[in-house]
Structure formats: structure tokens, C-alpha cells
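This briefing walks through one protein model, topic by topic. Keep the sequence and the 3D view open as you read.

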Amino acid sequence: MSATKEEIVAFMALEFPQTKCRVEAVGDDSSTLSHDIGIEELRPGGTVSGPVLMSIADVALYVAILGKIGIVPLTVTTSLTINFLNKPSAKARIIAECTLLKVGRTLIVGEVSLYSEGSNDLVAHVVGTYSVPPKHD
């Protein structure tokens with residue numbers, strides 16, 4: 001049972017109205033999201049803050065998982081590791097490309113590549129694990 005991009009966007013708008021992440025695409029084992037960058041997303045030195053990058057990566061994982069298993073709201077992050085690789089642009093949207101690596105019954109592992117829009121340079125690489133709640137029949 002999977003969820004469509006439209007179903008996920010509606011769910012996110014209802015349950016996470018505060019998110020600034022925009023769902024661009026949802027595939028069978030993937031998602032692509034974007035996040036506009038403004039003054040609120042910057043840290044001293046004029047670069048995008050780490051929490052913004054972690055947030056879009058976490059949401060990209062969640063969206064890809066919902067696309068694969070359907071709307072299971074209590075699917076939660078159990079691990080998130082981020083490697084910051086290059087300084088992101090303060091003037092371009094952040095693009096998150098997520099691929100699910102292993103989809104198990106109770107754990108799902110995925111990776112996210114983060115870019116500044118218009119650049120091929122990887123800003124950060126993220127690996128995350130989510131826990132899926134048990135099904136009650």
C-alpha cells in the first residue's frame with residue numbers, strides 16, 4: 001500500500017502546517033523536496049543553518065517512506081546522521097533527493113543528498129533510519 005504525492009502533500013499540510021519543505025516528487029522508493037532559503041534559514045557567516053539541512057533531509061525520508069508504505073503517521077525517526085560537505089548557497093533553494101535503501105517490516109533505511117539549486121556540488125549527505133509501528137489486525 002503506497003501513497004501518492006497528492007495524498008502526502010494533503011497529509012503534510014494537515015499534520016505539519018509549519019513545514020517550509022515542498023514535496024516536488026514521490027517515487028516508489030524515493031522523494032525529491034525543496035526548501036526556500038531566506039534570512040530566517042541563515043546562520044552567522046551567511047550560510048544555511050545545519051538544522052534547516054537536517055530538517056529537509058528528515059522530511060524527505062519521511063515522504064519517501066509514506067510514498068512506499070502509505071500514510072502511517074507514527075512512523076518515526078530513530079537515527080539521522082549528516083555529513084556537511086560544502087557550503088550551501090544563501091541565495092538558492094535547497095534540493096533534497098532521497099532514496100530508500102532497505103525497506104523492512106519494522107525499520108526503513110534511506111539516504112538523502114542535499115544540493116543548492118543550480119549546483120551539482122553535494123552540500124550534505126544524510127543517512128537515516130525510521131521505525132514503522134507494528135500493524136494491529
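In which strand does F84 lie? F84 is part of strand 5. Bear in mind that this is a predicted model.

- As a general rule, the strands of a sheet pair through backbone hydrogen bonds, either parallel or antiparallel.

**Strand pairs inside the sheet**

- Strand 2 (residues 30–35) pairs with strand 6 in the antiparallel sense, over 6 bridges.
- In that pairing, H35 stands opposite I94 of strand 6.
- Strand 6 (residues 94–103) and strand 7 (residues 107–116) also run antiparallel, and 9 bridges join them.

**Hairpins**

- Strand 6 and strand 7 form a hairpin, with 3 residues between them.
- Strand 7 and strand 8 form a hairpin too, with 5 residues between them.
- In the turn of the strand 7 and strand 8 hairpin, G118 has a positive phi of about 90 degrees.

**Two residues in strands**

- F84, in strand 5, has a relative accessibility of 46%, so it counts as partly exposed.
- The cut-offs explain this label: buried means under 20% and exposed means over 50%, with partly exposed in between.
- F84 and H125 are 41 residues apart along the chain, and their C-alpha atoms are separated by 6.7 Å.
- L42 lies in strand 3 (residues 42–43).
- L42 has a relative accessible area of 26%, so it is partly exposed.
- From L42 to A96 the distance is 17 Å, C-alpha to C-alpha, and the two are 54 residues apart in sequence.

**Helix 1**

- Helix 1 covers residues 5–15, and I8, F11 and M12 are buried there.
- Why do the buried residues line one face of helix 1? Seen down the helix axis, they fall within an arc of 100 degrees, so they line one face.

**The largest pocket**

- The volume of the largest pocket is about 370 Å³.
- It is lined by 14 residues, and those closest to its centre are I69, V72, R105, V132 and K135.
- By class, the lining of the largest pocket has 8 nonpolar, 3 polar and 3 charged residues.

**The second largest pocket**

- How much space lies in the second largest pocket? The second largest pocket holds about 220 Å³.
- Its lining has 15 residues, and M12, F16, D58, V59 and Y62 lie nearest its centre.
- M12 is also one of the buried residues of helix 1.
- Helix 2 (residues 50–69) gives the largest share of the lining of the second largest pocket, 4 residues.
- This lining divides into 8 nonpolar, 5 polar and 2 charged residues.

Methods. Residues are numbered from 1 along each chain as its sequence is written. This is a predicted model: local features need pLDDT of at least 70, side-chain atom pairs count only at pLDDT 80 or more; totals for chains, interfaces and linings use all residues. Side-chain values use heavy atoms; hydrogens and water are left out. Two strands pair if DSSP finds at least two bridges between them. On a 1 Å grid over the protein atoms alone, a cavity is a set of points where a 1.4 Å probe fits but cannot get out, and a pocket is an open set with protein on both sides within 12 Å along at least five of seven lines; lining residues have an atom within 4 Å of a point. Grid points are joined across faces, edges and corners, and a volume is the space filled by probe spheres set on the points. Ala, Val, Leu, Ile, Met, Phe, Trp, Tyr, Cys and Pro count as nonpolar, Asp, Glu, Lys and Arg as charged, and the others, Gly among them, as polar. Buried means under 20% relative accessible area, exposed over 50%, partly exposed in between (1.4 Å probe, protein chains only). The arc is that of the directions from the helix axis to the C-beta atoms.
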